[in-house]
Each structure stands twice: as C-alpha cells, then as structure tokens.
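Please keep the model in view while reading.

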Amino acid sequence: MLKLSVAALSLAAQLLGAPPLAARPEPDRKAQMESIVKPGGDVPENYSATGEARNFERREIMIPMRDGVKLHTIILVPKGTRNAPIILNRTPYEADARVERTASDKYTNAVPREDVEFARAGYIRVWQDIRGKHKSEGDYVMMRPIAGPFNDSGIDNSTDAYDTIDWLVNKANLPESNGRVGMIGSSYEGSMVVMALLNPHPALKAAIPESPLIDGWIGDDWFHNGAFRQGMANYIAQQTGGHGKARAPSRGGYDDYANFLDAGSAGAFGKARGFDQLPFWRRIVDHPSYDAMWQGSALDRLLAANPSDVPTIWMQPLWDQDDIYGAIKSWETMKAAGKLATNRLLLGPWSHSQVVRNETGRSLGPLQWSNDTITQYWRDMVLPFFNEHLMDGPPSDLPPVLAYNSGADRWERFDHWPLACESDCPAPLTPIYLQEGFGLGFEAAPPGGDSYVADPAKPVPYYPRPVNFEDGPWDKWLTADQRSVDGRTDVLSYRTPILSDPVSVSGVPFADIFARTTGTDGDFVVKLIDVYPDENPNDPKMGGYQLAIALEIFRGRYRDSFSDPAPIPAGEVQRYKFRLPAVNHIFKPGHRIMVQIQSSLFPYYDRNPQTYVPNIFHAEEADYRSAMVTIKRGGRTASGIWLPVVTAKP
C-alpha cells in the first residue's frame, strides 16, 4: 500500500494552492464548543411544525374567565377564511391530544376524523381544556356543580362556556368568525354542551350533546338505579389523580372478575388501592343513595328549570354502555317544557362515543349494517344541522326524531315519538307476561312462580370470563350473545314461540317484576332479547344468537324511593318497576322474544350482599349471603315487561 510522507503531502497541498499542513492554524476548541452548546439547548421556545403550504393556522390562547382564571384553548382557522362559523368543544381529555391527527399541511387531514366535514366546509374549530385540566388554570372538580347550594363560587362550566364564547365572537380576538358558535361533544364533553345550554350565550346558535352524562345516579356513568358501576374506579383515578391523565393503580391479575371478587365490596377495593385519597371517590362512597347532591346535579332537572331555545340534537346510541339514559331523558324534559320545535332526538346503532372513536359505522360487535351509519351521521345529519343554524344554509330536513331500526337495518323518521307509552301517545304500552314452563306471551297466565339461588360468591358475569376493563369488550358487551348465561341455574329465561308475524317496538319499555326473596336486599337485572333463528346459512355464528336490545339493573332497596332506601321484607312479595333503555326494533318472523332475569352483572356492577346494610360500599364479608329469589307469574302478581308495541309504519 502506497504511503506518503508529511513532506510529500505538504508539497502536494502547495501545488494545489492550499497552505502547507504545518501552516494551518490550530482550531479553537473552546469556540467550537460554544458554537454548539448554547443557552437553551436544542429546544427553541417556540417551534411549529408548519410548512409554507399549510392551509390552516393553529392558534394557542389562554382565554380569561370572569374570575381571572385562564383556560387553554386551541383554535384552527382555515387560511384566507372570512365570516366563518365556529365549532367549540370543551374537554377534560386534553385539547392538544384532540387536535392534530397528523402533521399534514392540509386542514382536512390534520383534524380528528369526526371533524373532517367541518374542515371541508371551512369551519373554525376550537378545543378547550376545561378548568383545572391539562394546560388550563384553576381547580378541577369532577362534574362541577352549577353555582348554587353545592357551589358557592359563582363559577361553573356554564359560566366558563359563556365567557369562552364571548371571547371567541369578539372580532378583536377572532376576526375571521361570523359571530356564530355551535357546540358538540360526547360523554363528559356532551355534558359540557348541556352546561352551556343552561345559560346560553346569545351567539350559541346550535348544539349537539352526544351521549351526555345527565344523571350520574339514575342511569349514567356512576350508578344505574342505585347499583354502582365499579368498572369506573380506574377512570376516577385517571381523571382526578392529577391535572393531566393520572396513572390508575393496578387492579391485580388480568381477570377483573377475580380481582373485584377477591377484594370484597367496591369500597374495600377502592380503599386497598388508595382511592380514599380522591375527593370524588369519597363523595361517591358517602352518597350511595339519590340524595340532594345527586338530585341537584341532575342536568335534566336543571334543564326543566331553565329550558333552552337553542336548536339542539340530543344524540343517543342504542347500545351505550356508559350513558344510555341522559340524552333521551333530556329530550323528554324539553318536550314536556314545550320546546319540541327546537329539540330533536337521534337514536343511532352505536355504542358509547363510537361516532368519535375513528371506527366504521357498518358494524357493532356481531351486528352488521348495510351502510356506514357514522359517515351518514356526520355528513347527512350533523353538518347540515350546523350549516342551517350557523351559515344560513338550507333546512337540514331532519325530522323531530330520527331513529335507527336495529331489526330492520334502516333509519326511520318520526314526527311524533314514542309511538307507544304510558300516556299521551298514539298507543298504550303492551304487557308481555312471564308464563308457565318459561314461556312468554301477551296473554295473561295462571298464578305461579320460578325460583333461583342468587349467590354473591358466584355472581353472574356480564361477559364471558376472563374480562378485563382495559383490554376487554367494554364498548361492545351490550351486544354480546346472552347464551353465555342462558341455562345457568341463577338466570331465568322466558321465550315466546317462534314468531309468525313481526312485532315492532318503538319507545321506552318498563320492567314490571313481582318477586320474593329470603334476603333483605337484592338486585334485579332484566333483559329484553331478540332470539335469532337457529340456522343462518349466510352467517352460521349468528344462528340462535341472543341479542339484548334493552338491559338494565335495579337495586331492590330503592323499590319505593331512590332517596330513602329500605330493607326488603324477607319472604314477602314486592314489586320492582323500572325503566329500560329505549328501543326501536322489529322482531322478525322466525325470531323469538326472550326475557331474562338474574341478580347480578359482575364485575361491571358491584355485588349486592343481599343483606341490608346502610351503605353497601362498607359491606363486610359476613354480609354477603345467598338468597332464594322467586319471580312471580300470573294473577295479581304477573311479572313481565311493558312494551311499546306499535303497528303504524314510521
């Protein structure tokens, strides 16, 4: 290998016009280091991953509220826009995380999937961290009460929404807007929309609460008719354990059925994991009944006292595993207040927040729809509604009630709904009775009864084990095949003969159960089920499928009063009548109608010890006892379901 001396290299350098190697100055190492390591390091104070081709502008603002607290707000404005309407979303789930789906320079590609239609239409899109969460200032209070007996600060989510809208429609702050605002949001965010409706800013021209948490005790989020949804424990820790999303404690092994069973009561489960440090958890534990705290925070009650004239769509999924009560109840409240002209109801074939989870609308669990119902929702319902009220667009052509028929696989329009109910409806409710031999029919039955042993040590699982709330069927369990429990000795199943004619139901069913128990407390779970034909050559797995179209739980101590519980007289027949989720369904010929009754849905709901204790959160191991439960049939104690059976076509 050729090797050149230093002298030869120096001569070569001279011939090439370069200074001799020996003549080159020594580098200033200190200067080189200072040129690399500067104060502040490699992270500038302000950096934006934007290119010149970006067709929208992102603005990050701290909007001041009336008490001086500033709320972190992100505004996306299409470049060159003028007189554009605003869509506002107030969230506890981090505005930053909700905004940019990709780093694309295109507005339609950067926004979340549910906002694509807004981006195409040139809307200004706004997300805001609510008070005390993420980058917003102030104290966070889970479901902060409206200013009043439980909130003497004078500040609530209604005032924060008002102040935010007031800032947004000020031309000095957002000159590109037309001064009109619409609000939308699902679940907790849906509740923020409803809060804004209690004292609406004049610029709030349209609203869509989707699956809003309205009454956290009767039928949304925390309890259902007094039974605690203990699967929400980790959510409470994540939301209130820090201003961001906190880390929830471990529940133990993979199977949450075993985790909660081993823990004992829901209160014991929480105490063992430090939940007693969380004020909201303590409020739940200290208020197990429907007392003044829960009643005072029920948004449907507040709406009744402050009915809004803002055009509103109340959106309710038919299989909403979290908040299946609130939207319909709020619409009923506005209907009773004479506000039908500005309030619409939309019942979709979805689970909770499915419309905002970047999922297709062609299916839910095993159910398949002929169209992408979520695309239809955003394109054909939401956008035209906002265009009408925020942009002087053409009428949206939405009927007073638009409901998906889950048996016929189609949207149906109603001028009046429900078509059958207890009063003020075209038709009354129709009872379908439990009959001898586990039959079910519309005819009265001879007196009798069927019994089962409800054992808290072996509660009925809400879904086949193992179940895990993070990795399991949280969003699809309501459509699960109920054959997984049919045949258990602690589950009673009653069914009609095979139907020769269709049976259409549209409205709110009511369970009406007469029962006797050897315990002094107990829960009752009632399911209205569509049993598919045994054979399905096109989809064999759906042969004989048992699809619950309405399912609810009721805690027996509240049979006479939600606010004043009382022990069940052991051995005496008591009546348990309670509301089931709304339905719009056709039981087709060849199918059967089924009613299932059981005493637990574990671990989704906490176990009832079946021994009356003042507060079930504090139940001890000795309180959990088996009970013989007898469901009465026929005569003056004819158990069944009052169905909204209809014959008129929508």
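Two strands are taken to pair if DSSP finds at least two bridges between them, while helices (H or I, at least four residues) and strands (E, at least two) are DSSP runs numbered from the N terminus. The model is a predicted one, in which local features need pLDDT of at least 70 and side-chain atom pairs count only at pLDDT 80 or more, whereas totals for chains, interfaces and linings use all residues. Residues are numbered from 1 along each chain as its sequence is written, and side-chain values use heavy atoms, with hydrogens and water left out.

Ten strands form an open sheet with mixed pairing, in the order 1-2-4-3-5-6-9-10-13-14. Strand 1 (56-64) and strand 14 (410-414) stand at the edges, each with a single partner strand, so one side of each is left without a neighbour in the sheet. From one strand to the next, the twist averages 20 degrees; angles run from 0 to 180 degrees between N-to-C directions, and axes are lines fitted to C-alpha atoms, for helices over the stretch in contact.

Contact here means heavy atoms within 4.5 Å.

The axes of helix 6 (residues 157-168) and helix 7 (residues 188-198) come within 8 Å and cross at roughly 80 degrees. That makes helix 6 roughly perpendicular to helix 7, a term for angles of 65 to 115 degrees. Where they meet, N157, S158 and A161 of helix 6 face M192, M195, A196 and L198 of helix 7.

A pocket is an open set of points on a 1 Å grid over the protein atoms alone, where a 1.4 Å probe fits, with protein on both sides within 12 Å along at least five of seven lines; lining residues have an atom within 4 Å of a point. The largest pocket is lined by 43 residues, of which Y93, Y235, K245, S353 and R357 lie nearest its centre. Helix 8 gives the most to this lining, with four residues. The second largest pocket has 34 lining residues, with K329, E332, V508, F510 and R579 nearest its centre, and helix 14 gives the most to that lining, with six residues.

Definitions and conventions:
Parallel < 35°, antiparallel > 145°, perpendicular 65-115°, else oblique.
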